[in-house]
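Biologist: I'm new to this one, could you walk me through it?
Modeller: Gladly, let's bring it up first.

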Amino acid sequence: MFFSLGSVTALVAGIFALHVVQKLCFPYFWKDVFYLVKVIRYGARLEIFKITSKVVTIIDRFVQQAERIPTKPFLIYEGITYTYQDINERSNKLANVFLEQGTLKKGDSVALLMNNEPDFICVWFGLIKLGCAVAFLNTNIKSRSLLHCFNCCGAKTLVVGADLLDSLEDILPSFLEDNISVWAMKNESSHTEVQTLLDKMDKASDKPTPPALRATTSLKAATLYIFTSGTTGLPKAAVITHLQSLKAAAGFWAYGGSEDDVVYIPLPLYHSAASLIGVGGTIEMGATCVLKKKFSASQFWNDCRKYDVTIFQYIGELCRYLCNQPKAEGEKKHKVHMGVGNGLRQDVWREFHRRFGEIRMCELYGSTEGNLCFMNHIGKIGAVGRSNFFYKVIGYNLFIFSANLATHYEPVRNSQGFCQHVNKGETGLLLSKIGASSPFFGYAGSKQLTEKKLMRNVFVKGDAYFNTGDLMAEDAEDFICFKDRVGDTFRWKGENVATTEVTEVLGLVDFIQEANVYGVEIPGNEGRAGMAAIIVRPECEFSGKKLFDHVLNDLPGYARPLFIRLQESMEMTGTFKQQKFNLVKSGFNPSTICGPLYFLDFSEKSYVPLTNTLYSSILAGERKL
């Protein structure tokens, strides 16, 4: 049977019309579909694990890769290459030391305190091969916080890096009192109570430990404890299960990464981004990673060229640091095609593209302890993810609810006591439903902290949602944009001030290299007044007049910072996030703050120096704020 010319023409015209409609009305349709297919494929693999009770964990996957590609470079550190086989055999040695000592058994928790180095990974893998759960300790925490971490995860053994042992000298007696054994990555130690590992590893066998030791039948079994910052100042031990680690390891692959990629990891391994996404993602692809002891903006691009890096990880202000480096020739000459991370502000995103080329920046959203993660697989500047029909089909039960800043962002509830959705374009609190496909495992050692992250009776009586503590908005194209952290947003003159938005506006001023916006209390006034700590570019000078004109034109009255604090450097977390706590605590008193302070003076139409006299007049209510 032959089609007539007219019917063929009609068919072609119909297909063309559908294509035009799809492009106009659903421009991201095929990208969403292809991404959905990947998610479903990986999800099916996890479901098979669940049904058969035969879980292929990250360490199982690593052993498989070591058998498949033993001589392929797995890790490059300070110019030295370690193959998959090298790391596998060295981690076997570590496991065999403890196996022979008989000090550890399957199910024990072991704390790991080390800086970025190959042995961090060898110790991690070796302990997992024994069936132990590993607690990654932040190398910046000290004394009381360190003891608190042990109490959280129940660890009775600590493995510490050689360069960090001396920092524990004051607390070693407390470890002994609590029957905590300390093992140092050294050949010998002057501390008689500390046992050494390197000398024992040199003599140990590199034969594999029995697979039964590391085997698990449940995706929900804990494999790691990763510590997050606590509102009380003490870290919280987020429980990381095999399910979470496997999901995180799929990140690079979901974005299109392959075994041919070289991944640059400049983030601390005690953080989930570097360990779960970076190292785990490298293993999943069978790729190579370049591990940096510590991030260096001046060495970043040289490293990328030297090691033929194709993917790099970023977080927080890392990309801004790169943009603040002096311009050089050939900045776009590199093989980097993808950056994966979170916390990239729109202004930095655009500047990064302008300076270093159209690198695909893959923003993702998720917290260490959270039960949701989504990705901006489209690459739209300013978005952290998508929320459309496809996502709801595969169980992305995330919702943005109306919330009230005056009540610490408690969701607004209707007459029946249930929460209300915000309209598209409006900012609200992001919640994620807790269920079989998106469980929340909480924090180790504290049911109270776990319960504080839950919100109940959201839609119906008895339901439970994870409270992310993040303010989000969904635009008309179903992109989700991060607005602020609940704790970082403050209220002034009856309006909500989002620190991230003010920071982006300040970042457009030519002499400002970096800005950190927060709220400070002024006696006799409700809420908090805006204040910004800024770093002035080395080749520039602070101009109170120019900054005044800028905030007057680009910010509403309630969002304009009343106070400016000049600083030489910005206090950051280990994962390049700005610290605000100490800035808020120190306020705006010129007699107690070292460094220049300025006040927004409308009579002078400029930011003027904040003197003690001016400070006193503000406290006395003599200045219009």
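**Strands and cysteines**

Modeller: In this predicted model, Val340 has Cys362 in strand 14 as its bridge partner.

Biologist: In which sense do strand 13 and strand 14 pair?

Modeller: Strand 13, residues 338–342, pairs with strand 14 in the parallel sense, and four bridges link the two. Between them the chain passes through helix 15, residues 346–356, and this β-α-β crossover from strand 13 to strand 14 is right-handed.

Biologist: And how many residues of strand 14 are buried?

Modeller: Five of the seven residues in strand 14, which spans 360–366, are buried, so that the strand is mostly covered by the definition of under 20% relative accessible area.

Biologist: What about strand 15, how does that run against strand 14?

Modeller: Strand 15, residues 373–375, runs antiparallel to strand 14, and three bridges join them. Tyr365 stands opposite Phe374 of strand 15, and the two strands form a hairpin that has six residues between them.

Biologist: Changing topic, how many disulfides do you count?

Modeller: The count comes to zero disulfides, where a pair of cysteine sulfur atoms would have to lie within 2.5 Å.

Biologist: Is Cys153 buried or exposed, then?

Modeller: Cys153 counts as buried, because its relative accessibility is 8%. Cys419 also counts as buried, with a relative accessibility of 6%.

Terms used: Residues are numbered from 1 along each chain as its sequence is written. This is a predicted model: local features need pLDDT of at least 70, side-chain atom pairs count only at pLDDT 80 or more; totals for chains, interfaces and linings use all residues. Side-chain values use heavy atoms; hydrogens and water are left out. Buried means under 20% relative accessible area, exposed over 50%, partly exposed in between (1.4 Å probe, protein chains only). Two strands pair if DSSP finds at least two bridges between them. A crossover is right-handed if, with the strands pointing away from the viewer, the path from the first strand over the helix to the second runs clockwise.
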